[in-house]
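Dear colleague,

Please find below the structure that I am handing over to you. My findings follow it, grouped by region.

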Amino acid sequence: MNTDKNSCKKCILNNQIKGVVIDNDGCCNYCKSFKPFEPYGESELLKIFRKTKKKKGIYDALVPLSGGKDSTYVLFLAAKKYNLNVLTYTYDNGFVSDYAKQNIKTSVETCKVDHIWVKHDEELIYNLYNIVLKLSGEICGVCGIGIERTMLKISEAYKIPLILLGHSPTEENSFTSENIYDQYRLKTILKKDKNITQQMVNRFLIYPNLNYIKSYLFTKIGRFGKKVNILYYLDNPTDKEIGKIIKEEMGWIEPSETEYTRHFDCIAEPLTNYIREKRFGYSRRLPQLSNMIRNNEISREQAFNIIWNDNERIQVNSFNEVMEKLNITENDIESISKIPVNVFSGEVSFSNRVFAKVRKILKRQAH
Ligand SMILES: [Zn+2]
């Protein structure tokens, strides 16, 4: 048990983390300003579903499926609870774990829904990861943009009005101060490598000139499906209960040693987390577990134990398979770990910057 006076007495955040302030009473600013999540309400969700049904398309909704806990639960809700006509798809980022593949197969069969695998040419995708990792210190942005674009493309191709996402409302602040999902930023990084052609970048981006404004408008006119975070509307069971539901209803499985990890679906996650921990000075599990403490899902002591076990388990030599795919060495990892935080963060497209500001103002007015 950590009794460090630099840590918050309620959660496991500490004052070494940028933005975390521990008061004299030993409580951090996140615990102090914490308000339990209030869902928008199921009736709002049902309204959206009724509108969708009226469109009488081939499918009511697209569910991106990673084989992890949240997306499997979304599929359960969409197909089994709300009886929507669902198309599922998985973006193969080159690191899909065997557990995830098994879960995808089982849940798709259980729900009797159609499923599509989308995969870029392996050489192209691993090349992009390699370059972006060496220059910016992370690869999750590449995968995130890949998921986003293929998701929009499928919704457009099949004219699916809704895209149901499994972002968890209690996972709000992950302290990702790096905006790694900006297309302009990705393009800037890739331009630094002579072997990457414009055509390769365009192939990856699918919509090479898309920005937030266009994306917003295309959604408004119905070219792209409307993204709905289904978990924001509902009074959700705890993480543990969700696991129980999908195990019983969807035949879902998880590796026994990774309790409370949402990302065992990606075999690159331990490595990206390792590098991230070195760059940021803390694990991304820290804010995630702290959120769970505030939501009364686990105790502070349990959280410390989980972090402790993580540290025991993670060793560089367990990254071999991923390092081989990424074509990087231990020396590369050393130098990547020294890349400062927020590198390339100024490389944001103008329209995205404007849109982010407008959204912030609108959000403020809505409250
Ligand atoms: Zn706290």
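Tyr 233 is found in the loop between β5 (226-229) and α10. Please note that the model is a predicted one. Tyr 233 counts as buried because 20 other C-beta atoms lie within 10 Å, and 20 is the number from which a residue is called buried. Setting aside residues up to four places away in sequence, Tyr 233 touches Pro 39, Tyr 40, Gly 41, Glu 42, Glu 44 and Leu 45. One of these contacts, Glu 42, is 191 residues apart from Tyr 233 along the chain, yet their C-alpha atoms are separated by 5.6 Å.

**Strands β1, β2 and β3**

Strand β2 (residues 86-92) is mostly covered, with six of its seven residues buried. On one side, β2 is joined by four bridges to strand β1 (residues 61-64), and the two run parallel. Six bridges join β2 to strand β3 (residues 114-119), again in parallel.

β1, helix α3 (residues 69-81) and β2 form a right-handed β-α-β unit. A right-handed β-α-β unit is also made by β2, helix α4 (residues 98-111) and β3.

**Helices α3 and α4**

Helix α3 is mostly covered: eleven of its 13 residues are buried. The buried residues are Lys 69, Asp 70, Ser 71, Thr 72, Tyr 73, Val 74, Leu 75, Phe 76, Leu 77, Ala 78 and Ala 79. They pack against β1, β2, α4, β4 and α10 (239-250). After α3 comes Asn 83, which has a positive phi near 50°.

Helix α4 contains Lys 101. Is Lys 101 buried or partly exposed? Lys 101 is partly exposed, because 15 other C-beta atoms lie within 10 Å, whereas a buried residue needs 20 or more. Leaving out residues up to four places away in sequence, Lys 101 touches Gly 67 and Val 96. From Lys 101 to Asn 83 the C-alpha distance is 24 Å, at a separation of 18 residues in sequence.

**Nonpolar cores**

The largest nonpolar core has 64 residues. Those with the most contacts inside this core are Ala 61, Leu 62, Val 63, Leu 75, Ala 78, Val 86 and Leu 164. Leu 164 touches Ala 61, Val 63, Val 74, Ala 78, Val 228 and Ile 230, not counting residues up to four places away in sequence. Another core, of 13 residues, lies apart from it and includes Cys 8, Ile 12, Leu 286 and Ile 293. In soluble globular proteins, nonpolar side chains tend to be buried together.

**Domains**

The protein is divided into domain 1 (1-34) and domain 2 (38-367). Their centres, taken over C-alpha atoms, are separated by 28 Å. Eleven residues of domain 1 are in contact with 14 residues of domain 2. On the side of domain 1 that touches domain 2, the residues divide into eight nonpolar, two polar and one charged.

Most residues other than glycine have a negative phi. Where do Lys 159 and Asn 327 lie? Lys 159 lies in the loop between α6 (140-157) and β4 (162-165), and Asn 327 lies in the loop between α14 (320-326) and α15 (330-337). Lys 159 is not a glycine, but its phi is positive, about 50°. For Asn 327, also a residue other than glycine, phi is positive and near 60°.

Lys 159 counts as partly exposed because it has 13 C-beta neighbours inside 10 Å. Asn 327 is likewise partly exposed, with 13 other C-beta atoms within 10 Å. Residues with 12 or fewer such neighbours would be called exposed.

With kind regards

Conventions: Residues numbered from 1 in each chain as written. Predicted model: local features only at pLDDT ≥ 70, side-chain atom pairs only at ≥ 80, totals over all residues. Pairing = 2+ DSSP bridges. Right-handed = clockwise from strand over helix to strand, strands pointing away. Domains from an automatic or database assignment. Contact = placed C-beta atoms within 7 Å. Nonpolar A, V, L, I, M, F, W, Y, C, P; charged D, E, K, R; others polar. Core = buried A, V, L, I, M, F, W, Y, C linked by C-beta atoms within 7 Å.
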